[in-house]
Amino acid sequence: MNLAVWVTIAASAVGAATPLILAALGELVTERAGVLNLGVEGMMLIGAMSGFAVGVSSGSLWLGYLAAAASGMLIALLFGVLTLSLQTNQVATGLALTLFGVGLSAFAGRSFVGLPIRPLLPLRIPVLSELPWIGPLLFHHDPLVYLSLLLCALIAWVLKRTRVGLRLRAVGESPEMAHVLGEPVIRIRYLAVLFGGAMSGIAGAYLSTALTPMWTEGMSAGRGWIALALVVFGTWKPWRVLAGAYLFGTVTVLQLYAQGLGVHVPSEFLSMLPYAATIMVLVAICRDPKTILLNQPASLGRSFHPGY
Amino acid sequence: MPPRGSLVPVFDQLHWPLRLERRQKPSAAMRICSSPLAALAMLATGLLVFAALGKDPVAAFRVFFVEPLNSTYGVGELLLKATPLMLCALGLAVSYRANVWNIGAEGQLTLGAITGGGVGLFFGPALGHWGQPAVLSAGVLGGMAWAAIPALLRSRFRTSEIFVSLMLVYIAQLLLSYLVHGPWRDPAGQNFPQSQPLSDSVLLPSLLQGTRVNVGFIIALVLALLSWWFGTTTAAGFRMRVGGLAPAAAAYAGISERRNIWLAMMISGGAAGLAGVCEVAGPIGMLQPVVSPGYGFAAIIVAFVGRLHPLGVVLASLLMSALYLGGESAQMELQLPASVSGLFQGGLLFYLLAAELFIGFRLRRAHRLPSAAPAGGGGA
Amino acid sequence: MTTVSTPASARLALHGISKRYASVIANDRIDLKVAAGEIHALLGENGAGKSTLMKIVYGVTQPDEGSIEWEGAPVAIRSPAQARRLGIGMVFQHFSIFETLTVAENIALALNERLPAATLAARIDEVSQRYGLPIDPQRLTHGMSVGERQRVEIVRCLLQSPRLLIMDEPTSVLTPQAVQVLFETLRRLAREGVSILYISHKLDEIRELCDVATILRNGRVSGSAIPREQSNTSLGRMMVGADLKECKLEPRPPGPIRLELTNLSLDTEDPFGTSLRQINLRVRGGQIVGIAGVSGNGQKELLAAISGERLCTQRAAVRLCGQDAARLNPAQRRTLGLRFVPEERLGRGAVPGMHLADNCVLTGASAGLVRHGMVRRRAARAFARATIAEFAVKCDGELAPADSLSGGNLQKFIVGREIRLAPTVMLVAQPTWGVDVGASLLIRQALIELRNAGAAVLVISEDLDELFAICDCLAVLARGRLSDAMPTAGLAAETVGVWMTGEFQGAGAAAGVAGAGV
């Protein structure tokens with residue numbers, strides 16, 4: 001039995017990891033531009049709610065995802081106006097964004113609680129999906145799983161190899177120097193924040209339309225925060241963030257299967273696992289201060305105004 | 001280093017007619033007015049939301065803000081709900097001033113409820129007159145213990161206290177859920193996930209006949225005074241303020257970052273633990289899976305709206321408590337969802353952050369740039 | 001190529017440029033003409049408005065009034081990219097080199113056109129060979145010396161074949177030898193027809209290099225001159241508006257050893273920092289010892305090790321007044337008589353959001369400003385008032401926020417505060433960096449008086465002229481190693497320049513330093 005169970009676990013870990021990947025990649029881009037947006041949880045909830053609402057109302061999940069991305073961007077824009085144009089404290093504003101997102105999504109989504117939705121289905125790839133073991137593991141996932149992988153590769157490439165990535169990194173390292181060289185620092189940061197918002201929105205919609213196809217208040221249950229932690233864990237590098245997300249996906253899924261695997265521990269303790277794991281992983285990565293110092297965008301969390 | 005008085009374009013590169021200009025000196029008037037302004041803006045938005053939902057804004061306003069406070073009982077409820085908010089926010093304000101971002105007050109509150117409630121459940125009757133102080137102290141210690149984890153990890157391993165304290169919220173809630181579903185469940189409780197009721201000897205005495213407000217409120221007020229004194233006159237308070245405003249200056253002056261972190265975490269954690277035990281030994285009277293409707297998170301807003309000042313926190317917690325009551329009232333009478341108060345809370349914080357900007361900046365019409373054509377710049 | 005050309009052939013002409021910020025007028029109706037192939041000095045002391053003017057020319061900032069003519073045609077320079085298209089290049093004072101990027105990436109960022117990596121590398125090689133400015137495009141810039149970084153910046157400008165090159169205080173961090181190399185490059189460029197706007201406050205250099213000088217004072221043009229025909233005194237008078245005064249250092253017998261570093265080694269915590277290796281140093285009472293060298297050679301680490309912000313693991317590596325202080329924190333070292341003026345004024349030496357009285361509490365425990373765990377506000381205000389009066393700090397009284405003071409006044413306040421706390425050992429980093437001439441003189445004089453009163457003073461500075469003016473002895477910190485301290489009298493600036501490249505028999509283990517130039 002064992003191999004079959006493990007394949008199932010691994011396959012569902014991929015699903016559990018996908019929203020984390022999407023949200024964390026978005027935040028990674030935002031942070032590489034030097035902006036710390038702690039509002040991922042709030043943006044995910046807004047995305048989950050609006051994606052679900054539009055998906056149910058229109059009958060088209062793709063419209064739902066579009067709406068989720070748009071609403072994520074809209075609320076990220078609010079964050080951008082406050083922190084980039086009005087120069088408020090990024091930490092406080094990010095917290096405000098999360099609290100606001102929790103309230104707004106609960107309020108606006110109240111009539112959608114408990115409604116059913118046709119979830120996002122896995123792709124059926126002829127032949128490949130039917131392969132034993134490998135099929136369910138690699139070729140039987142929904143489109144967003146593959147999209148998240150694609151995006152990871154794309155972001156890694158853009159950051160490392162393209163001029164756009166170069167400019168983004170420059171702004172994140174020293175907005176002052178980028179400014180005197182003529183980079184539109186604030187505009188670049190806006191775009192990065194908006195990208196982060198769109199990705200968090202999509203990640204949220206994945207929760208409410210694919211992972212657990214329904215809408216409930218506060219359904220992200222801290223995943224936004226875990227995504228934020230993953231960016232640190234991945235030392236601001238896309239592929240490491242991806243690996244971290246799969247690790248977390250596995251932990252999350254393992255605790256669901258633990259009972260079935262003969263682990264007799266109260267379910268509450270198993271549910272604590274992802275949160276405890278987040279803490280432990282952060283401690284492990286932060287122990288050597290140089291790891292953080294070398295990789296963290298140097299201007300992260302610092303306001304910049306071009307008004308010399 | 002940008003000189004003071006530099007111009008900040010509201011949007012980079014776009015030539016907007018308005019620009020933010022840094023004030024020579026922070027405006028004292030705006031410092032006091034920013035929170036009331038934010039509250040007013042929130043109120044106006046609220047009325048718009050009511051109107052958009054097809055409710056008569058004036059009537060909705062009455063239901064939301066006036067009716068809940070029409071009676072002695074209502075006022076008592078206001079103070080009762082303000083108590084945990086005030087306690088948590090007072091601690092958080094101290095912590096945020098020191099640049100220590102404890103956002104896990106909700107978890108510390110939950111742990112305070114567990115330890116305080118536990119002591120009350122198992123030792124309450126035996127403690128006699130010492131019941132209440134023992135239960136309250138246990139709550140404070142529980143909150144502190146929970147806050148000690150992020151304090152330790154931040155000061156030893158530089159792990160962000162933001163993440164750790166937040167993750168511990170979920171863990172504390174799961175722990176409480178386990179206890180009331182499992183070992184601490186009342187055998188006579190018809191399988192409801194709740195503990196036995198606490199004995200009367202440990203319950204906090206009520207302040208006012210006919211209301212539920214208890215001595216916790218007085219304790220919170222005393223703590224507000226104490227934190228004001230701590231912040232303005234003690235060297236420890238000064239050191240925490242320096243640590244918050246300029247960490248490099250703190251290092252230069254030999255102020256221990258470690259000590260600041262621990263102090264901030266112990267104060268905020270202890271206060272949140274106290275808030276938790278005051279709920280359990282007060283209006284709830286037992287342990288149940290949920291002991292707080294998010295007071296620990298709302299307190300973050302309270303701390304900011306109170307501008308991290310004890311007096312401000314006292315006022316802001318009353319405002320926030322009124323929002324909770326209004327939400328309940330609106331739910332009953334207008335069939336509006338209770339979550340509308342969550343929306344208002346979050347919105348309030350946004351308005352506040354925006355309003356705070358005007359303490360240091362003012363809006364000015366932008367200086368016209370010399371037009372693309374050259375010939376002289378036209379005298380101003 | 002010399003003297004003022006006819007207006008028609010001016011490469012750049014500024015007419016009535018004004019720029020005001022809320023509280024200050026940085027530029028007030030400035031006129032300036034630069035001819036083709038001319039090396040034109042823009043002379044002025046700190047705060048005279050030179051940098052603002054250059055940012056306007058490079059398109060970083062827009063003027064409030066006035067117009068710019070480029071090669072006879074009126075232009076509005078709205079961005080650095082546009083400036084580069086016109087043919088204007090700029091080498092910044094605090095180089096605009098990103099530590100985490102490679103040389104090629106750094107250069108690509110400031111190029112308007114997009115080049116494939118291979119083409120770019122080839123062009124970098126071509127330019128660097130033509131001008132004798134060797135750089136490796138694939139290298140990461142962190143770990144490069146300041147001279148190398150400046151080379152990267154210059155090559156970056158030359159790649160776009162500029163017709164005007166702006167150099168903002170290019171020699172402030174170079175060794176005397178590197179300055180000569182730079183001058184050769186600049187002269188060669190001028191011969192090829194490139195105009196050079198050379199911003200500086202160093203009179204000797206301007207007299208040596210520049211064809212014409214425009215002098216700025218308080219945001220206005222206060223005169224222009226042919227520098228070769230002027231003396232330092234006359235140029236200085238135009239720059240400051242009064243005769244330059246110099247401080248006097250009378251010989252004085254040194255007292256007992258107050259600060260002693262013995263085989264101090266310390267690994268840096270900063271991935272881009274420099275670790276200290278085997279540092280030995282003694283500073284006696286009644287003595288000012290200067291440490292020269294370019295920032296980034298361990299200065300930050302040395303300051304932290306002496307101030308106590310970083311503790312040493314070796315016993316007795318740091319001794320204060322005879323006591324082992326290696327494991328004492330900054331507050332404990334203060335009780336032994338150490339006072340410290342850090343390089344970073346706002347944010348380290350003073351807390352921006354606090355008023356001056358509270359900023360006295362920051363380090364003033366020994367003056368009774370903190371007692372029994374309580375802050376004594378009245379005493380703090382009195383202390384701040386006295387400091388303001390004694391050191392002529394211009395501010396709105398002791399309750400003015402620290403960030404409302406100008407750089408020079410804040411520095412006077414911080415130096416004053418530390419001196420009034422009666423130091424036995426005074427540690428000062430970059431005492432007059434970015435400070436106007438008047439305040440510089442006051443600060444230097446105050447340090448000398450402190451030394452005359454018997455205190456041991458250690459000054460770490462990038463400004464060699466300053467060190468020669470106020471120090472009894474001089475040592476050089478290069479690549480984390482410290483040279484022996486030599487008496488300033490009879491020491492040649494060129495010798496110090498050689499030491500700054502790391503070529504000295506250190507007071508610690510001698511290390512053969514491979515060439516890798518400055």
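Does Phe64(B) at 1% relative accessibility count as buried or exposed? Phe64(B) counts as buried at that value, where buried means under 20% relative accessible area, exposed over 50% and partly exposed in between (1.4 Å probe, protein chains only). The structure is a predicted model, in which local features need pLDDT of at least 70, side-chain atom pairs count only at pLDDT 80 or more, and totals for chains, interfaces and linings use all residues. Residues are numbered from 1 along each chain as its sequence is written, and side-chain values use heavy atoms, leaving out hydrogens and water.

On to the rings: 18 aromatic pairs turn up over all chains. Rings of Phe, Tyr and Trp (its six-membered ring) pair if their centres lie within 6.5 Å, with planes under 30 degrees apart counted as stacked, over 60 as edge-to-face and the rest as tilted. Phe64(B) and Phe65(B) make a tilted pair, because their centres are 5.0 Å apart and their planes stand at 55°. Phe65(B), at 21% relative accessibility, counts as partly exposed. Both belong to a cluster in which ring pairs also link Phe50(B), Phe61(B) and Phe344(B).

In chain C, the rings of Phe183(C) and Tyr198(C) sit with centres 6.1 Å apart and planes at 75°, so this pair is edge-to-face. Phe183(C) is buried at 0% relative accessible area, and Tyr198(C) is buried at 0% too.

Arg334(C) lies over the face of Tyr252(B), 5.5 Å from the ring centre, and Arg420(C) over that of Phe383(C), at 4.5 Å; the rule asks for NZ of Lys or CZ of Arg within 6 Å of the ring centre and within 35 degrees of the ring normal.

Technical notes: Chains are lettered from A and ligands numbered from 1 in the order in which they are written.
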